[in-house]
Amino acid sequence: DEKTMDNMIFLLDELARVDPLRRSEPVLAIGGGVLTDTAGFACALWRRGIPWCRLPTTLLGMVDASVGIKVAVNYKRKNGVGHFFSPLHTFIDATFLPTLDFADVKSGCGEIMKAA
């Protein structure tokens, strides 16, 4: 798990370097739930919130993204610092699923059961 303040600050530094136009250039976060959570939180913080979209690539990330708008990083505890920050869009692409190993599929199935 790399939902750390250091990684979130790295993403903030990248946002500062790229300096997206505040409302017309959304950030696209492509990856598992850890990346989409961290990137979403960085977008919530940068310039008091910039638009973002997410494309989760793991089953767990897809399930979590389909029902939640929480973005956070671990600080002093799991998800110790976070926000409720909706993406403009959540894209679900099932073609990523065959690339997952069994442990990732099992974890995603657990998330489905939790959400049910």
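Q: In this predicted model, which residue just after α2 takes a positive phi?
A: The model is a prediction. Helix α2 covers residues 33-45. Just after this helix, a positive phi of about 50° is taken by Arg47.

Q: What distance does α2 reach from its first C-alpha to its last?
A: Helix α2 has 13 residues. At 1.5 Å a residue, the expected reach is 18 Å. The modelled helix is close to that expectation, with a reach of 18 Å.

Q: Is α2 largely enclosed by the rest of the structure or largely open?
A: Buried here means under 20% relative accessible area. The buried residues of α2 include Gly33, Thr36, Phe41 and Cys43. Because 10 of the 13 residues of α2 are buried, the helix is largely enclosed.

Q: Which elements do the buried residues of α2 pack against?
A: The chain holds 4 helices and 5 strands, in the order α-β-α-β-α-β-β-β-α from the N terminus. Among the helices, the packing partners of the buried α2 residues are α1 (5-18) and α3 (59-67). The strands they pack against are β1 (27-31), β2 (52-56), β3 (70-73) and β4 (81-84).

Q: What radius of gyration does the chain have?
A: The C-alpha trace spans about 40 × 35 × 25 Å along its principal axes. For 116 residues, a compact globule would have a radius of gyration near 13 Å. The value for the chain agrees with this, at 14 Å.

Q: What share of contacts between residues at least 6 apart in sequence join residues at least 24 apart?
A: Contact here means heavy atoms within 4.5 Å. Among contacts in the chain between residues at least 6 apart, those joining residues at least 24 apart make up 79%.

How values were computed:
Residues are numbered from 1 along each chain as its sequence is written. This is a predicted model: local features need pLDDT of at least 70, side-chain atom pairs count only at pLDDT 80 or more; totals for chains, interfaces and linings use all residues. Side-chain values use heavy atoms; hydrogens and water are left out. Helices (H or I, at least four residues) and strands (E, at least two) are DSSP runs, numbered from the N terminus. The radius of gyration is taken over C-alpha atoms; the globule rule is 2.2 Å times the number of residues to the power 0.38. The expected span of a helix is 1.5 Å times one less than its number of residues. Buried means under 20% relative accessible area, exposed over 50%, partly exposed in between (1.4 Å probe, protein chains only).
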